[in-house]
Amino acid sequence: MERVIGTDELKSGDRKTVYVDDIPALVIRIQDEYFVVEDVCSHDGQPLTNGPIQDCSIVCPRHAARFDLRSGKALCMPATEAIRVFKTEIRDGAVWAGR
Amino acid sequence: MSSTTIDISRTGFSSEVFEQFLATRSEPSWITDARRAAFDQYQNLLQSELDPEEFKRVDLRVFNAGKFRPSAGTVDSSSISTLLSDKTEFGGSVAHVNGQVTQATVSDQIRAQGVLFGELQGLMTTHRELLEPYFMKKAVQTDADRFSAWHAAFWTGGTLLYVPRNVEVALPLHSLIAHSRDGVADFSHTLIILEDGARATLLEETTSANDDIAGLHVGCVELIVGRDANLRYVQLQNWNQKSWHFAHQAGCVDSNASLQWTVVGLGSKLAHIHQDINLNGRAATAEVNGVTFVSDRQKISYYTQQHHKAQGTHSDLLYKEVLRDEARVIWRGMIKVDPAAQQTDGYQRSDALMLSDDARCDSIPGLEIEADDVKCTHGATTGRVDKEQIFYCMSRGIHRHEAMHMIVEGFFQKVYDRIPVEIVRETLSRTVQGKLGIESIAV
């Protein structure tokens, strides 16, 4: 596990690009929950960075594929495969993530 | 909502790095002036977006140029091992380690033919009038993108092969580009010029001294093939999996000339190769072969263009990729036919064999045809190893691992058959076997 962000750095609904194990990732805060997902759409292989967040899911800004932030599961076409979700821990005032 | 933009200092070198680099150079003012002009272009290009057609699938976010610097001072080449150098007799050999030349030899017989083969910078200095009109002017343009401009500003070392008119170099020549130190940025340049009717073969390979050092290669390959000439060029990219490899490679083929070009991608953490084949003269021919085997989390991207500019030209591109683990290959190919290039025959094909569920291959062939009397064909396939084939082999008493090896070898065989140099075919076969790591493959 590696430290990715301090818990005071994001407000609910915000996100930040980080690197986990040299993989581009998004850390997203929803209420008091933090999610860390790979920042690559499984459909077209490009970043999800600025995709809208809806009901604990992120929508790809290009083709509207939607992914569950908890499981990574693809919730609608055109994506059929999940995105990677990193394990997270909150400790010492920071969010930690790992594979 | 907040989001992070990528720090621009991660993507390139600053003017301070450039001035430090220049301070280590001892070279004629015309080369320094050209570097300064290229660096100005580089700084402008760093501020602009890369061409999305070429780079939108190449994820450069993890790349951090700040971890790498050009090398100066002495280098130790004793720890470098190669796949090709001791496997056959060569007519000459050039080796670069960390962007600096450590060896340059050529046989007396080849030298007596008027052939120039050796370290590029030294020969550029002594043969300016001959070489300056070619260097980054005919094949690769300095301002093509930020990587070509970066290379033009910082190029070091490099290999030159110049073959005079109607001279045939019977023995193959060898060029080695190696990294031996962590954090080194190398900008090797390969320039091959075959005058009309000349013939030659150059085998080039890249390697890292061990698996632990991280290196950056921003390279350039320029192949100039004169009328009725024949060039066979092989580049075997075998960096370790911590290396970054960016390269502009271009061939220009004149009338009735032929270019046989083989690109092998085995190593690197991330590689992006921009390959242009320009068929400039009537009835020019190019055969392009690609062999790629990636594993773990390697990513290799090819952006190829077969540009037919004259009548009766012929190009034939065949790429074969094998992917395992979480590796990824991107191939974006284009056949471009100018209005004047009637009776063109263009072919391109990319086949990918997936050995795991998590590998990914994006193959995007394309045609852009402005002439009305041409034959152009393209295609791409991606598939898994057929379980029935494995089962059949096992039913004949062949071990599962050996069956897998046979299937991968068979997949590559069609492209091996097109590689004109036997030692390269044998080396690839051995290397693929070693890279298969059959135990961990899931079918």
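This is a predicted model: local features need pLDDT of at least 70, side-chain atom pairs count only at pLDDT 80 or more; totals for chains, interfaces and linings use all residues.
A residue is called buried here if 20 or more other C-beta atoms lie within 10 Å of its own. For context, most residues other than glycine have a negative phi, and most peptide bonds are trans.

B:Asp228 lies in the loop between β10 (215-225) and β11 (230-238) of chain B. Phi of B:Asp228 is near 60 degrees, again a positive value in a residue other than glycine. The count of C-beta neighbours inside 10 Å is 20 for B:Asp228, so this residue counts as buried. Since the definition asks for 20 or more, B:Asp228 meets the cut-off with its 20 neighbours. The bond from A:Met77 to A:Pro78 is cis, and its omega is near 10 degrees. A:Pro78 belongs to the loop between β7 (66-68) and β8 (87-91) of chain A.

The next topic is helix packing. Two packed helices are described by the angle between their axes and the distance between the axes. In chain B, helix α2 (residues 29-47) packs with helix α7 (residues 146-154) at an angle of about 150 degrees, and the axes are 8 Å apart. Angles over 145 degrees count as roughly antiparallel, and therefore α2(B) and α7(B) are roughly antiparallel to each other. The crossing of α2(B) past α7(B) is left-handed. On the α2(B) side, the contact is made by B:Arg35, B:Ala38, B:Phe39, B:Gln41, B:Tyr42, B:Leu45 and B:Leu46. On the α7(B) side, the contributors are B:Arg146, B:Ala149, B:Trp150, B:Ala152 and B:Ala153.

Attention now turns to strands in chain B. Strands of a sheet pair through backbone hydrogen bonds, either parallel or antiparallel. Strand β15 (residues 285-294) of chain B is mostly covered, with nine of its 10 residues buried. β15(B) pairs with strand β13 (residues 258-265) of chain B in the parallel sense, over eight bridges. Within this pairing, B:Trp261 has B:Val288 of β15(B) as its bridge partner. β15(B) is also joined to strand β17 (residues 314-323) of chain B, by 10 bridges, and these two strands run parallel. Here B:Phe293 has B:Val322 of β17(B) as its bridge partner.

B:Tyr302 counts as buried because it has 24 C-beta neighbours inside 10 Å. B:Gln305 has 21 such neighbours inside 10 Å and so counts as buried as well. Leaving aside neighbours within four places in sequence, B:Tyr302 is in contact with B:Ile273, B:Gln275, B:Gly290, B:Tyr319 and B:Trp331. Not counting residues up to four places away in sequence, B:Gln305 touches B:Asp276, B:Ile277, B:Met334 and B:Lys336. Separation along the chain can be set beside separation in space. B:Tyr302 and B:Val329 are 27 residues apart in sequence, and their C-alpha atoms are 8.0 Å apart. For B:Gln305 and B:Trp261, the separation is 44 residues in sequence and 13 Å from C-alpha to C-alpha.

Chain A contains an open sheet of three strands, in the order β2-β3-β4, with antiparallel pairing. β2 and β4 (33-38) of chain A stand at the edges with a single partner strand each, so one side of each has no neighbour in the sheet. From one strand to the next, the twist averages 30 degrees. β2(A) is joined to strand β3 (residues 23-30) of chain A by six bridges, and the two run antiparallel. In this pairing, A:Val20 stands opposite A:Ile23 in β3(A).

The contact between them takes 13 residues from chain A and 11 residues from chain B. On the side of chain A that touches chain B, strand β2 (residues 15-20) of chain A gives the most, with four residues. This side of chain A is made up of three nonpolar, six polar and four charged residues.

Methods: Residues are numbered from 1 along each chain as its sequence is written. Chains are lettered from A and ligands numbered from 1 in the order in which they are written. Axes are lines fitted to C-alpha atoms, for helices over the stretch in contact, and angles run from 0 to 180 degrees between N-to-C directions. Angles under 35 degrees count as roughly parallel, over 145 as roughly antiparallel, 65 to 115 as roughly perpendicular and the rest as oblique. A crossing is left-handed if the near helix is turned anticlockwise from the far one by less than a right angle, and right-handed if clockwise. Two residues are in contact if their C-beta atoms, placed from the backbone, lie within 7 Å. Ala, Val, Leu, Ile, Met, Phe, Trp, Tyr, Cys and Pro count as nonpolar, Asp, Glu, Lys and Arg as charged, and the others, Gly among them, as polar. A residue is buried if 20 or more other C-beta atoms lie within 10 Å of its own, exposed if 12 or fewer, and partly exposed in between; C-beta atoms are placed from the backbone. Two strands pair if DSSP finds at least two bridges between them.
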